[in-house]
Amino acid sequence: MSEARLRRVNKEIADVRNDKTSGVTIELADEDSGSVFHLKGTPYHKGTFSMKFLTKVYHPNISSASGAICLDILKDAWSPVLTLKSTLISLQSLLCSPEPNDPQDAEVAKHYTTDRASFEETARYWTEIYAGAPATEASSSRKATSQLDDVAAAGLNPAHVDQFTNMGFERPKVIEVLKRLNYRGANVANVSSERVVEECLKD
């Protein structure tokens, strides 16, 4: 990195650190920029995330597979006038106010639009598991385990998963099918059990 670029990055990092009102902090971690968001009232509160989202995030505008972010200033609206602080504040705003009609992750967007409470619970769980946020009372009451709760991570109701695994279907297949069919909240009434069985039977 050139000396001028390094000076600019250091100045921008100092600006972020000196701003106590935005709720955004930045730290250098293993040559990648990391950011801690204090988004009270959101499922992402107290999570530590990488700017490239190497950290998994459950959000309609962030790919849960690749970490790609659907934010115009990171793509075609980028300008050298933008700073780390303005970029982090834009990202903070996106986390607080998802845009499910312009999703990066369509499956998560469907979950968000059909069952907001379940979406927030799943996003909070991912923030605890992947971003190191402290456990909430709801998640603390889950059975203590060192393994990822695959049903909670998918935002599914355990009773629905059990309904189809009790028919003899493999748990991973049931979870994959229920996620794909958005078998959550009010949308459960729109998906017949027969449809789920048919999908589970497919290879």
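What follows is a working chat about a predicted model of one protein.

Colleague: Before we start, what kind of model is this, predicted or experimental?

Modeller: Predicted. Keep that in mind for everything below.

Colleague: Fine. How many helices and strands does the protein have?

Modeller: Nine helices and three strands.

Colleague: What share of the residues is buried?

Modeller: Buried residues are 41% of the 203 in the protein.

Colleague: Now the core. How many residues are in the largest nonpolar one?

Modeller: The largest nonpolar core has 19 residues. Phe53, Ile69 and Phe119 have the most contacts inside it.

Colleague: Which helices supply at least two residues of this core?

Modeller: Four helices do: α2 (84-96), α3 (106-114), α4 (116-131) and α6 (150-154). Of these, α4 gives the most to the core, with four residues.

Colleague: What else is there by way of a separate core?

Modeller: There is a second one, of 16 residues. Its members include Val151, Ala154, Val161 and Val188.

Colleague: Let's do helix packing. How do α3 and α4 cross?

Modeller: Their axes come within 5 Å and cross at roughly 130°. That angle makes α3 oblique to α4.

Colleague: Staying on α3, is Lys110 buried or partly exposed?

Modeller: Lys110, which sits in helix α3, is partly exposed, at 39% relative accessibility.

Colleague: What does Lys110 touch beyond its sequence neighbours?

Modeller: Arg180 and Asn182, not counting residues up to four places away. As for Pro100, 10 residues from Lys110 along the chain, the C-alpha atoms are separated by 7.7 Å.

Colleague: Asn182, then. Where is it?

Modeller: In the loop between α8 and α9. Asn182 is buried, at 3% relative accessibility.

Colleague: What about its phi?

Modeller: Positive, about 55°, although Asn182 is not a glycine. For context, most residues other than glycine have a negative phi.

Colleague: Which side chain has a polar atom 2.8 Å from the backbone oxygen of Asn182?

Modeller: The side chain of Asn187. Asn187 lies in the loop between α8 (171-180) and α9 (193-201). At 15% relative accessibility, Asn187 counts as buried, because the limit is under 20%.

Colleague: What else does Asn187 touch?

Modeller: Thr114 and Leu181, along with Asn182, leaving out residues up to four places away. Thr114 is also one of the α3 residues that meet α4.

Colleague: Switching to the loop between β3 and α2. Is Asn61 buried or exposed?

Modeller: Asn61, in the loop between β3 (48-50) and α2, is buried, with a relative accessible area of 0%. Beyond four places in sequence, its contacts include Ala68, Ile69, Cys70, Leu94 and Pro98. Among them, Ile69 is also a residue of the largest nonpolar core.

Colleague: And Ala65, buried or exposed?

Modeller: Ala65 is found in the loop between β3 and α2. Ala65 counts as exposed, at 78% relative accessibility. Ala65 and Leu54 are 11 residues apart in sequence and 9.9 Å apart in space, C-alpha to C-alpha.

Colleague: Last one: Arg8. Where does it sit?

Modeller: In helix α1 (residues 3-18). Arg8 is partly exposed, at 36% relative accessible area.

Colleague: Which side chain does the Arg8 side chain make a polar contact with?

Modeller: That of Glu12, at 2.4 Å.

Note on methods. Residues numbered from 1 in each chain as written. Predicted model: local features only at pLDDT ≥ 70, side-chain atom pairs only at ≥ 80, totals over all residues. Heavy atoms only, no water. Core = buried A, V, L, I, M, F, W, Y, C linked by side-chain atoms within 4.5 Å. Buried < 20%, exposed > 50% of the residue type's maximum accessible area, 1.4 Å probe, protein only. Polar contact = N/O pair within 3.5 Å; in protein donor to acceptor, adjacent residues only side chain to side chain. Axes fitted to C-alpha atoms, helices over the stretch in contact; angles between N-to-C directions. Parallel < 35°, antiparallel > 145°, perpendicular 65-115°, else oblique. Contact = heavy atoms within 4.5 Å.
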